[in-house]
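Open the model in your viewer and keep the sequence panel beside it.

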Amino acid sequence: MYYKEINVSQIDALWELQKLYKAEIGENEPESNEKAHLANAIEDNKVVFYGVWEKNNLIGCCSITVGFSTFDYMPSGVFEDFYIRPEYRHKGVARQLVRFAYCESGVSSLTVGCAECDIQMYQSLGFSIMLGNLLAFE
């Protein structure tokens, strides 16, 4: 297995994982036009995806959107789109992917917004500092 940044030429493999991810969390399958939006965001460096590959198969991914934090006046990242194919779970792949993405992204801090049921999983992956509540603007 190897870990690397996913580029726009690999959008088809990433798109398959996106559909599996959405299905697993109970969201609607993304529309076909949204694939082009995702490809544009990757190409424009608005989001960076990282993946874990076995041979030529993408088996897991995550994304980091980089912003800036006045907490330490350094780049900060928001971790999202985390998905590992079920047959590769509980083998250390996820932990390696999170560490790889964090190191490669160059951010000084990394946060994740998650459902209550996912807190323990993210804590086991290294997201251990509680920062209060995350709210989304409607």
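Select strand β1 (residues 2–6) and then β2: the two run antiparallel and are joined by five bridges. Strands here are DSSP runs of E with at least two residues, helices are runs of H or I with at least four, and both are numbered from the N terminus. Two strands count as paired if DSSP finds at least two bridges between them. This is a predicted model, in which local features need pLDDT of at least 70 and side-chain atom pairs count only at pLDDT 80 or more, while totals for chains, interfaces and linings use all residues. Residues are numbered from 1 along each chain as its sequence is written, and side-chain values use heavy atoms, with hydrogens and water left out.

Within this pairing, pick K4; its bridge partner in β2 is G51. Now show the side chain of K4: its charged end sits over the ring of W53, 5.2 Å from the ring centre. For that label, NZ of Lys or CZ of Arg must be within 6 Å of the ring centre and within 35 degrees of the ring normal.

Next, colour β2 (residues 48–54) by accessibility. Six of its seven residues are buried, so β2 is largely enclosed by the rest of the structure. Buried means under 20% relative accessible area, exposed over 50%, and partly exposed in between, with a 1.4 Å probe and protein chains only.

V52 stands opposite G60 in β3. β2 and β3 form a hairpin with two residues between them, and K55 in the turn has a positive phi of about 55°.

Move on to the aromatic rings. Rings of Phe, Tyr and Trp (its six-membered ring) pair if their centres lie within 6.5 Å; planes under 30 degrees apart are stacked, over 60 edge-to-face, and the rest tilted. The count is eight aromatic pairs. Select F79 and F127, a tilted pair at 5.2 Å centre to centre with 50° between the planes. F79 lies in strand β4 (residues 74–84) and F127 in the segment after α4 (119–124), so the pair ties together parts that are 48 residues apart in sequence. Both F79 and F127 are buried.

Where do the cysteines leave the disulfide count? There are zero disulfides, a disulfide being a pair of cysteine sulfur atoms within 2.5 Å. Select C62: its sulfur is 7.0 Å from the closest cysteine sulfur, in C61, too far for a bond. C62 is buried, at 0% relative accessibility.
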